Amino acid sequence: MSAPQTASVHTALADGLTIAKRNMIKIKRVPDLIVFTTLSPIMFVLLFAYVFGSAIQVPGMSYREFLIAGIFTQTVIFGATWTGLGMVEDLQKGIIDRFRSLPMAPSAVLLGRTSTDVLINIVSLVVMSLTGLIIGWRIHSSLGEALLGYLLLLLFAYALSWVMAVVGLWIRTPEVFNNASFIVIFPLSFIANTFVETTNLPGPLKVIAEWNPVSAVTQAVRELFGNTNPAMTVPDAWPLQHPIIASLLWSAVLLVIFVPFAIRRYKKAVSR
């Protein structure tokens with residue numbers, strides 16, 4: 001990499017950090033955002049653990065331990081939508097026009113937004129982990145494996161943030177974005193092994209669930225946390241046979257495709 005390119009990257013990172021700080025200050029001034037972001041996963045944990053947990057059986061282990069990895073994955077997916085929502089709101093309010101008048105890298109706004117999602121997801125994961133410990137969930141692996149599980153969740157969520165950035169740059173109002181993101185996220189998180197084993201799903205849904213990237217991430221996190229049992233049936237699909245590698249590949253593919261796509265879309269959006 002040449003010196004001008006290196007300087008450009010450093011400038012983009014520094015500008016992105018400034019935007020991330022701006023976003024965190026905004027959250028600090030509107031604490032309702034972080035409150036409801038953390039209450040939602042707690043609700044899902046309690047709802048599925050106590051309402052549906054007695055009706056769902058997992059061979060060889062407690063449903064609560066099976067459940068937590070799925071809730072973790074679902075929550076970071078929802079956390080990835082903050083980037084898209086923030087882009088829609090900034091475009092609608094004219095904030096992006098102000099950024100355009102400043103001497104900053106075009107990618108800085110997107111870097112700042114996606115970095116903010118990571119920070120929000122870290123808070124959510126801490127809250128969910130504490131909630132899981134209270135209801136009986138435990139990590140049965142080593143500290144290194146557990147940390148890798150958390151990092152894998154954050155990496156996948158970061159990759160999805162760039163997908164949501166593209167969606168946010170296409171849509172003009174926050175209301176439409178919320179509806180559009182839910183239409184995508186709900187099937188993505190429920191047609192998976194997040195709450196039930198994929199072997200219990202009917203034919204076509206079973207195939208979709210086995211190749212769903214959410215299933216790979218959830219299975220990887222379960223294995224890294226030690227929340228699996230030999231009595232559980234492991235599907236023959238390659239992503240669930242090698243979930244850690246599959247999760248890394250999915251994250252890499254999403255980043256390679258959507259990072260440049262989001263930057264190009266951002267330049268087009270601000271040039272209107």
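Modeller: Begin with contacts along the sequence. This is a predicted model. Among contacts between residues at least 6 apart in sequence, 81% join residues at least 24 apart.

Colleague: How many helices and strands does the protein have?

Modeller: There are 12 helices and zero strands. Buried residues make up 48% of the 272 residues.

Colleague: Which residues does UniProt list as "transmembrane region"?

Modeller: The unreviewed UniProt entry lists several spans, among them residues 146–169 and 244–263. In the model, residues 146–169 are 100% helix, with the end C-alpha atoms 35 Å apart. Residues 244–263 are also 100% helix, and their end C-alpha atoms lie 28 Å apart.

Colleague: Leu111 lies in helix 6. Is Leu111 buried or exposed?

Modeller: Leu111 counts as buried because its relative accessibility is 17%, and the cut-off for buried is under 20%. The C-alpha atom of Leu111 is 9.7 Å from that of Thr83, 28 residues away along the chain.

Colleague: How is a pair of aromatic rings read?

Modeller: Such a pair is described by the distance of the centres and the angle of the planes. The structure holds 13 aromatic pairs. In one of them, the rings of Phe78 and Phe182 have centres 5.6 Å apart and planes at 55°, so the pair is tilted. Phe78 is in helix 3 and Phe182 in helix 8, so this pair ties together parts 104 residues apart in sequence. Phe78 is buried at 18% relative accessible area, whereas Phe182 is partly exposed at 40%. Ring pairs also link Phe78 and Phe182 with Phe186, Phe190 and Phe195 into a cluster.

Colleague: What about a pair within one helix?

Modeller: An α-helix has 3.6 residues a turn, so residues three or four places apart point the same way. Phe258 and Phe261 both lie in helix 12, three residues apart. Their ring centres are 6.4 Å apart and the planes are at 35°, so this pair is tilted.

Colleague: Where does the charged end of Arg222 sit?

Modeller: The charged end of Arg222 sits over the ring of Phe66, 3.6 Å from its centre. Arg265 lies over the face of Trp170, at 3.8 Å from the ring centre.

Key: Residues numbered from 1 in each chain as written. Predicted model: local features only at pLDDT ≥ 70, side-chain atom pairs only at ≥ 80, totals over all residues. Heavy atoms only, no water. Helix = DSSP H or I, 4+ residues; strand = E, 2+ residues; numbered from the N terminus. Buried < 20%, exposed > 50% of the residue type's maximum accessible area, 1.4 Å probe, protein only. Contact = heavy atoms within 4.5 Å. UniProt positions renumbered as here; feature names shortened; annotations may be inferred. Phe/Tyr/Trp six-rings, centres within 6.5 Å; stacked < 30°, edge-to-face > 60°. Lys NZ or Arg CZ within 6 Å of the ring centre and 35° of its normal.
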